[in-house]
Amino acid sequence: MHDAAWVNANLATMRDGYGALADGVIAATAGKISWVGARGDWRDKARAEHDARGAWITPGLVDCHTHLVYAGNRAHEFELRLQGASYEDIARAGGGIVSTVQATRAASEEDLFKLARKRVQQWLDEGAALVEIKSGYGLDRVTELRMLRVARRLAGELAVKTTFLGAHAVPPEYRGRADDYIAFVCDEVLPAAAKEGLVDAVDAFCERIAFDVPQTTRLLEKARSLGLPVKLHADQLSDYGGAALAARHGALSADHMEHSNESGIAAMSGEGTVAVLLPGAYYFLRETRLPPIDALRRHGVPIALATDHNPGSSPVSSPLLILNMACTLFRLTPEEALAGMTRHAARALGMQASHGTLETGKAADFALWEVGSPAELAYAVGANPCVARVRAGRALR
Ligand SMILES: [Zn+2]
């Protein structure tokens, strides 16, 4: 006897391609998927039987790269830029990442929580089951830990993985002393966050305008010494060797990758490192250099997608819009896009054992969509066909 079953459903199990199964049944017991298959093979019983009314059921969406916890926003900066202000003008007016750092440092834990919880509702409405949230707007010990605590508190109707991104930027008080700042992060901030159990992975912004390869290496080695998996903001603005660096450290993922070279991609393939592509930032910054999609395909590197939600370069609160952008801007197929926000995104978080596909034994976290085919999820712009979510086997809407 299963706890609950959904019948009269079309299933996109996402095990391989869409893993489509017309007229299927999915059952849950004790929060986990306990049966998936064709209705004709369903002989069991469930205490509660739900009629999916022909909806498509997919694994709950996974957003594997966000900066969801912060205070303030950068609309003013956006407006200034469109009025013709230069980068220097904006920096002089207190804009840029520094303004988000100042606002975030000034906010209480409760304020940060309320702001982020309101944002997360949009992810829930669009069928998300698992979201990664990074720190990186504190750049000091107190605020970095506060951000991670807030991120952890957001878990509930969806699962949350927290990533320490203390090496996001050099804070104003360390200007011109990036080595000293990395030492501070490695010796004080990261160990304190890890000791409190707030860190699922460690990330760094490896780029000419942020941290160089030796500085990034130092942090990644510290992370590994603490037993924490690593990720990397890699090759977003230039070919900085980020993909190879990520592979060398056995990273879960290398993210952005617009400028990654082929040998770095080949190295990622050998390590099983996932490429996380972020079309929202590409769109918002009006970038023109496409990520090396064909090379990723050729080398069999799994391609994940994420919103990269953040106030500066990707104020995008819609996982569904990212599916569309991945197809229109990056020319992924709708099937690749959906795999990028389910199966491959779960792998980018090391969560492939519990999320990303509809399989017996995994978390019963899935979404019901009123669509005629899974391709519609990537096709429509601004529509939200999510009609219900299931979290740990419980129907939520
Ligand atoms: Zn990011």
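Colleague: Which residues is Thr162 in contact with, leaving aside its neighbours within four places in sequence?
Modeller: This is a predicted model, in which local features need pLDDT of at least 70 and side-chain atom pairs 80 or more, while totals for chains, interfaces and linings use all residues. Residues are numbered from 1 along each chain as its sequence is written, and side-chain values use heavy atoms, without hydrogens and water. With contact meaning heavy atoms within 4.5 Å, the partners of Thr162 are Ile133, Leu148, Ala151, Arg152, Leu198, Val199, Asp200 and Ala201.

Colleague: Is Thr162 buried or exposed?
Modeller: Thr162 belongs to strand E8, residues 159-167 (strands are DSSP E runs of at least two residues, helices H or I runs of at least four, numbered from the N terminus). Its relative accessible area is 0%, and buried means under 20%, exposed over 50% and partly exposed in between, with a 1.4 Å probe and protein chains only, so Thr162 is buried.

Colleague: How far from a polar side-chain atom of Thr162 does the backbone oxygen of Leu198 lie?
Modeller: The side chain of Thr162 also joins that of Arg152 in a polar contact of 3.1 Å (N or O atoms within 3.5 Å, one able to donate a hydrogen and the other to accept it, residues adjacent in sequence counting only if both atoms are side-chain atoms). For the backbone oxygen of Leu198, the distance is 2.6 Å.

Colleague: Which helix gives the largest share of the lining of the largest pocket?
Modeller: A pocket is an open set of points on a 1 Å grid over the protein atoms alone, where a 1.4 Å probe fits, with protein on both sides within 12 Å along at least five of seven lines, and lining residues have an atom within 4 Å of a point. Here 35 residues line the largest pocket, with Arg74, Tyr87, Gly96, Ile97 and Ile209 nearest its centre. The largest share, four residues, comes from H3.
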